[in-house]
Amino acid sequence: EEDKTMAVRLYNEYIKVDPNFIPVFSRNSDRIYPDKWQSFYPHTSFKNILKDVVETLEKSNETKDRSIWMSGAYGTGKTYASFVIKHILEDSIDSITPYFIQNGMETLLARVKGVRAKGRILVVQRSASAGINTQDKLFNAIVESVRRAVSDAGLTYTGAESLSDKVLTILKHPET
């Protein structure tokens, strides 16, 4: 006689949930878990964005010399993806190579190595830009982000003093 009962399968038999999942990736998450970027799955959209970044850095022609802007709904992984790109462009080649090999992206790795061979790359990354709704706020956000990236990289800022710096100096030292 045939058993007509259905076999019960539990989700954990075919789906694995990362116990170290970070629901909202941030600069702080990246600082605490510096290798977490390696668990990011490089889906087609990400690969296309990374190719665009590499093409821009290769400066193969003037139409490729442009900024990259990622946009999308909250919670879709934009910040996480941007930190993956940051690591790919700033971490040692030896530490990023396994990520490319494990994900079958050797051709793209060769292009990244070519770009990286030209010199050090400093990535300026910013997330949570919803409050930036004027040109002045955008400019100030860019200046602030560049300064933070320069400082975090241990470099000395050599740019001109911004208008906000001048105002702060006057407010701090009105006698000057």
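Helix α3 contributes six residues to the lining of the largest pocket, the most of any element. The structure is a predicted model, and the values reported here are computed from it. In total, 50 residues line this pocket, and the space within the pocket amounts to about 1600 Å³. Nearest to the centre of the largest pocket are M70, K78, S82, Q125 and R126. Besides α3, which spans residues 78–90, the helices α2 (44–58) and α6 (135–152) each supply at least two residues of the lining. By class, the lining of the largest pocket consists of 29 nonpolar, 14 polar and seven charged residues.

The second largest pocket holds about 350 Å³ of space. Its lining is made up of 18 residues, and those nearest the centre are R27, D30, K86, E90 and D152. At least two lining residues come from each of α1 (27–32), α3 and α6. The lining of the second largest pocket divides into nine charged, six nonpolar and three polar residues.

The protein chain as a whole contains seven helices and zero strands. Read in sequence order, the elements give the pattern α-α-α-α-α-α-α. Of the 176 residues in the chain, 25% are buried. The accessible surface of the chain is about 12900 Å², and carbon and sulfur atoms account for 55% of that area. When contacts between residues at least 6 apart in sequence are considered, 59% of them join residues at least 24 apart.

Two residues were examined for their surroundings. T79 is located in helix α3. Its relative accessible area is 18%, and T79 is therefore classed as buried, the cut-off being under 20%. With residues up to four places away in sequence left out, T79 touches F25, S26, Q125 and S127. One of these contacts, Q125, is also listed among the residues nearest the centre of the largest pocket.

I121 lies in the loop between α5 (106–116) and α6. The relative accessibility of I121 is 15%, so this residue also counts as buried. Beyond its neighbours within four places in sequence, I121 is in contact with L57, L89, E90, V115 and R116. One of these partners, E90, is among the residues nearest the centre of the second largest pocket.

Side chains of opposite charge can pair when their charged atoms come close. A search of the whole structure identifies six salt bridges. One of them joins E13 to R9, with the closest N and O atoms 3.6 Å apart. In this pair, E13 is partly exposed at 46% relative accessibility, while R9 is exposed at 53%.

Two further salt bridges share R111. The side chains of R111 and E58 meet at an N to O distance of 2.8 Å. E58 belongs to helix α2 and R111 to helix α5, so this pair ties together parts that are 53 residues apart in sequence. R111 also forms a salt bridge with E55, for which the closest N and O atoms are 4.0 Å apart. Because E55 lies in α2 and R111 in α5, this second pair ties together parts that are 56 residues apart in sequence. E55, E58 and R111 are accordingly linked in a network of salt bridges.

E55 is buried, with a relative accessible area of 18%. E58, at 24%, is partly exposed, and R111 is likewise partly exposed, at 26%.

Terms used:
Residues are numbered from 1 along each chain as its sequence is written. This is a predicted model: local features need pLDDT of at least 70, side-chain atom pairs count only at pLDDT 80 or more; totals for chains, interfaces and linings use all residues. Side-chain values use heavy atoms; hydrogens and water are left out. Helices (H or I, at least four residues) and strands (E, at least two) are DSSP runs, numbered from the N terminus. Buried means under 20% relative accessible area, exposed over 50%, partly exposed in between (1.4 Å probe, protein chains only). Contact means heavy atoms within 4.5 Å. On a 1 Å grid over the protein atoms alone, a cavity is a set of points where a 1.4 Å probe fits but cannot get out, and a pocket is an open set with protein on both sides within 12 Å along at least five of seven lines; lining residues have an atom within 4 Å of a point. Grid points are joined across faces, edges and corners, and a volume is the space filled by probe spheres set on the points. Ala, Val, Leu, Ile, Met, Phe, Trp, Tyr, Cys and Pro count as nonpolar, Asp, Glu, Lys and Arg as charged, and the others, Gly among them, as polar. Accessible areas come from the Shrake-Rupley method with a 1.4 Å probe; for residues, only the protein chains shown count as cover.
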